[in-house]
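The sequence and structure come next.

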Amino acid sequence: MYFRHMLDLAKNIHDLMLEHDCVSVPNFGGMVAQRFRAEINPGTNIMRPPSKRISYHKDLVANSHLLLQKVMHEHGFTQAKASEEIAKTVLVWKQQLQSGNSIKLEGVGRFYYDKEGAICFNQSL
C-alpha cells in the first residue's frame, strides 16, 4: 500500500540518501547505504555500474538532524514545527504498519512487519 502523508518524508529521505550514506528518522530508525564500485564480470565481460544498497536499522538514531534540517529548509518550518510534522508522519507510518499494511516510500523502499512483529525493509530498485 502506498501512503502519502501531507509531509512527504519519502522525497526528503530519498534526496538525503543521494548525498549521505546514513539518514535516520526519529522514533522510526535509519537507512544506511553501502556503496559498490563498478565491476566487470570476467566470465561474461558484462559491466555492473556503481551502485548503492540501502539497509534499514530500527535502532539507528545518528544523523537525525539531517532530516530535520531538510524539512525545515524545504517547508520553511521552525525546528519545533519540523519535529512535530516528522513525528506526525512517523505516527501514521507506525499505525499503517500495525494495521497490517506495508508502507512504500517512493525512491527508498517498502516497510512491513514480519511474522515476529519486526519491521522489515525492501529497497526500491
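## Asn 12

Asn 12 is buried, at a relative accessible area of 1%; buried means under 20% relative accessible area, exposed over 50% and partly exposed in between, with a 1.4 Å probe and protein chains only. This is a predicted model, in which local features need pLDDT of at least 70 and side-chain atom pairs count only at pLDDT 80 or more, while totals for chains, interfaces and linings use all residues. Residues are numbered from 1 along each chain as its sequence is written, and side-chain values use heavy atoms, with hydrogens and water left out.

Asn 12 belongs to helix H1. Helices (H or I, at least four residues) and strands (E, at least two) are DSSP runs numbered from the N terminus. Neighbours within four places in sequence aside, Asn 12 contacts (heavy atoms within 4.5 Å) Leu 67, Lys 70, Val 71, Glu 74 and His 75.

H1 spans residues 9-19, and its buried residues include Leu 9, Ile 13 and Leu 16. Packing partners of the buried H1 residues include strand E2 (29-36), helix H2 (64-75) and helix H3 (79-98).

## Glu 85

Glu 85, in helix H3, is buried with a relative accessible area of 2%. The Glu 85 side chain forms a polar contact with the side chain of Lys 81 at 2.9 Å. A polar contact is a pair of N or O atoms within 3.5 Å; within protein, one must be able to donate a hydrogen and the other to accept it, and residues adjacent in sequence count only if both atoms are side-chain atoms.
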